[in-house]
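Dear colleague,

Please find below the sequence and structure that I am handing over to you. I would be grateful if you would look through them alongside the notes that follow.

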Amino acid sequence: MGEERADPQKLKRIAAAAYDYENDPRWADYWTNILIPPHMASRSDVVDHFKRKFYQRYIDPDLVVEAMSSSAPSGSAKPTSTSSAAANGEARAHNAGSTARTSGASAGSGSNTVSLRWDLNTIQFSVDAWIFIVAVLAIFPLVPKSLSNRAYRLSFMGTACSSLYSLYALYGKPRAWNLQAVQVYFQSIIATKDFIYFIYCLTFVTSHLCLKFALIPNLCRALEHIAKFLRRNFNRSTLYRKYLEDPCVWVESNTTTLSILSSYAEIGLGFLLIVSLLSWQRNIIQPFIYWQLLKLMYHAPVTAGYHQSVWTKIGRTANPLMQRYAPFLNTPVSAIQKWWSR
């Protein structure tokens, strides 16, 4: 009977292990937003645990995911038994002291890990809350223009710092400060969501243009992080249950909607920057860099699904109009599409 009851869960665990996580853009987004120390992020058992958590959340809610078991350090040895009674007693005393030291070290290591993870999450939450507040100040119409413009810059600076901090927490720093090591490190982070947001913020914080429309992706990112932190750490609070639980549940259940909204805003900004070339504040370098970033967003796994969906909708609307009213644009548009797909 026990084996029969365990069979469904065993099948679910096999299905979870066989799931193609790499081709699911939600997994890359999910893994990017998990804050754990770098030495734990490289462990296969930690990655497998979070893959099962992802599978339980998005694919099969009935999958039971057990808590991660804390293992003793690999250098510790198991107690050995001896044949003689005197030696056996001495060995028991020695092993008891060794076990106590090992368990104490393991407990200390576990508490340090929990403390480190809590600190990382708390710092990230504080920065995201600050980003959200200054972004709202920048958008709110009744705020004085000088304060609004300053809040606009601070929002991008805060998001850039938050993204850098998250990259450092997840990937650490290059193993060595030489060209080859930096190149390998850069290749490992270039397709991550945090790196994309970092470049996105640098593009606008250094620009003379003040496009409040560009704050939408920052707001969506901050909302997602704030909601996740509040649900994980304040779900038993009376204040949270009374005022914040419903908004946080809505945000967490509509992350796809927020990502699509961010994609529309990011692509719309690309066209706004092209139009800005006709103004006195034109900057040729900024649209060029931003369209390179849009191309990266189109191909990066964490954003590809959302951006490709938006571009497909744009193509369905624009192509019939172009064929009807401007067929001479077919050749340049085809050349641009070839460059875009490379």
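The findings are set out below by region.

Please bear in mind that this is a predicted model.

Helix H9 comprises 19 residues, 215–233.

Cysteine 210 is found in the loop that joins helix H8 (193–205) to H9. Its relative accessibility is 31%, so cysteine 210 counts as partly exposed. Leaving aside residues up to four places away in sequence, cysteine 210 touches Asn149 and Tyr152. Although tyrosine 152 is 58 residues away along the chain, its C-alpha atom is separated from that of cysteine 210 by 7.7 Å.

Helices H2 (residues 25–32) and H4 (residues 44–58) have axes that come within 11 Å and cross at roughly 125°. This angle makes H2 oblique to H4. H2 contributes Arg26, Trp27, Tyr30 and Trp31 to the contact, while the residues from H4 include Phe50, Phe54 and Tyr58. The crossing of H2 past H4 is right-handed.

The unreviewed UniProt entry annotates residues 125–144, 150–171, 195–215 and 260–280 as "transmembrane region". In the model, residues 150–171 are 100% helix, with end C-alpha atoms 31 Å apart. Residues 260–280 are 81% helix and 0% strand, and their end C-alpha atoms lie 32 Å apart.

Yours sincerely,

Key. Residues numbered from 1 in each chain as written. Predicted model: local features only at pLDDT ≥ 70, side-chain atom pairs only at ≥ 80, totals over all residues. Heavy atoms only, no water. Helix = DSSP H or I, 4+ residues; strand = E, 2+ residues; numbered from the N terminus. Expected span 1.5 Å × (residues − 1). UniProt positions renumbered as here; feature names shortened; annotations may be inferred. Axes fitted to C-alpha atoms, helices over the stretch in contact; angles between N-to-C directions. Parallel < 35°, antiparallel > 145°, perpendicular 65-115°, else oblique. Left-handed = near helix turned anticlockwise from the far one by under 90°. Contact = heavy atoms within 4.5 Å. Buried < 20%, exposed > 50% of the residue type's maximum accessible area, 1.4 Å probe, protein only.
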